[in-house]
Amino acid sequence: MPEPQGRRRLDQPRSAGRFRLSLDPDAFGRLSERLARFLGTGTFLFWQTIIVVAWIAVNLLAVSLRWDPYPFILLNLAFSTQAAYAAPLILLAQNRQDDRDRVSLEEDRRRAEQTKADTEYLARELAALRIALGEVATRDFLRGELDRVFREDRKKSGKPKKQREERDGDEREPGGRGGGNREGSGRRDDPKLDDPRLDDVRS
């Protein structure tokens with residue numbers, strides 16, 4: 001069954017002979033931003049004022065050149081057309097600026113989150129390093145421990161000498177002091193030594 005000629009087949013691409021109007025949204029947006037930026041400058045206000053004054057002056061004074069007599073309907077139409085196009089252009093430029101601000105804000109937020117995450121990671125790493133360093137023996141700690149061990153070793157090595165000296169002194173004292181005591185006590189205990197005649201002999 002033959003297909004009707006009027007229907008377009010969906011399995012075939014469109015023919016290149018048709019006229020298609022393709023507009024670049026980005027290019028049109030840049031143009032609108034330029035126009036909106038120019039409309040807000042002092043240069044535009046200056047030249048617009050000059051044109052309006054000349055328009056009114058010529059249409060009032062030059063009767064032979066009058067093309068827009070009072071009440072200047074053509075001038076009002078020009079102003080209305082300008083306002084009708086200026087407002088959408090300004091809004092389009094503002095929307096593009098809002099989109100850029102939104103993208104910049106998202107980028108700033110992403111960078112802030114990344115910076116916060118990096119800061120928290122560094123803080124955890126520093127805390128882990130501080131804990132690890134607290135468990136490691138430092139130079140001052142090792143020096144103090146070695147000094148304590150040396151003092152204890154000296155005390156232990158010095159005690160036997162003192163004990164030997166005290167033991168030798170104890171062994172010497174009983175021989176000298178004990179003999180004297182026994183000798184004196186023998187004299188006191190001997191009744192012959194208390195004889196008065198021995199005193200006369202001694203004298």
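**Figure 1. Arg96, a buried residue of helix α3.** Arg96 counts as buried, since its relative accessibility is 19% and buried means under 20% relative accessible area, with over 50% termed exposed and values in between partly exposed (1.4 Å probe, protein chains only). Arg96 belongs to helix α3, residues 73-135; helices (H or I, at least four residues) and strands (E, at least two) are DSSP runs, numbered from the N terminus. Beyond its neighbours within four places in sequence, Arg96 is in contact with Pro25, Asp26, Gly29, Arg30, Ser32 and Glu33, where contact means heavy atoms within 4.5 Å. The model is predicted: local features require pLDDT of at least 70 and side-chain atom pairs pLDDT 80 or more, whereas totals for chains, interfaces and linings use all residues. Residues are numbered from 1 along each chain as its sequence is written, and side-chain values use heavy atoms, with hydrogens and water left out.

**Figure 2. The salt-bridge network of Glu33, Arg96 and Arg100.** These three residues are linked in a network of salt bridges, a salt bridge being a side-chain nitrogen of Lys or Arg within 4 Å of a carboxyl oxygen of Asp or Glu. In the bridge between Arg96 and Glu33, the closest N and O atoms are 2.9 Å apart. This pair links distant parts of the chain, with Arg96 in helix α3 and Glu33 in helix α1 (residues 25-39), 63 residues apart. The side chain of Glu33 also meets that of Arg100 in a salt bridge, at 2.9 Å from N to O. Because Glu33 lies in helix α1 and Arg100 in helix α3, this second pair ties together parts that are 67 residues apart in sequence. Glu33 is buried at 10% relative accessibility, whereas Arg100 is partly exposed at 37%.

Figure 3. Glu106 and Arg109 form a salt bridge whose closest N and O atoms are 3.0 Å apart. Both residues lie in helix α3, and their separation of three residues is about one turn of the helix. Glu106 is partly exposed, with a relative accessibility of 45%. Arg109 is likewise partly exposed, with a relative accessible area of 37%. The count of salt bridges comes to eight.

Figure 4. Helix α2 (residues 42-61) has 20 residues and reaches 28 Å from its first C-alpha to its last, close to the 28 Å expected at 1.5 Å a residue; the expected span is 1.5 Å times one less than the number of residues. Phe44, Val52, Trp55 and Asn59 are the buried residues shown in α2. They lie on the same side of α2, because they cover an arc of only 60° around the axis, the arc being that of the directions from the helix axis to the C-beta atoms. The face turned away from this buried side carries the exposed residues Gly42, Trp47, Val53 and Leu61.

**Figure 5. A nonpolar surface patch.** Leu65, Trp67, Leu74 and Leu77 form this patch, with about 420 Å² of accessible area together. Patches are made of residues with over 30% relative accessible area and no salt bridge, with like charges joined within 9 Å and nonpolar side chains (Val, Leu, Ile, Met, Phe, Trp, Tyr) within 5 Å. Accessible areas come from the Shrake-Rupley method with a 1.4 Å probe; for residues, only the protein chains shown count as cover. Leu77 lies in helix α3 and is exposed, with a relative accessible area of 52%.
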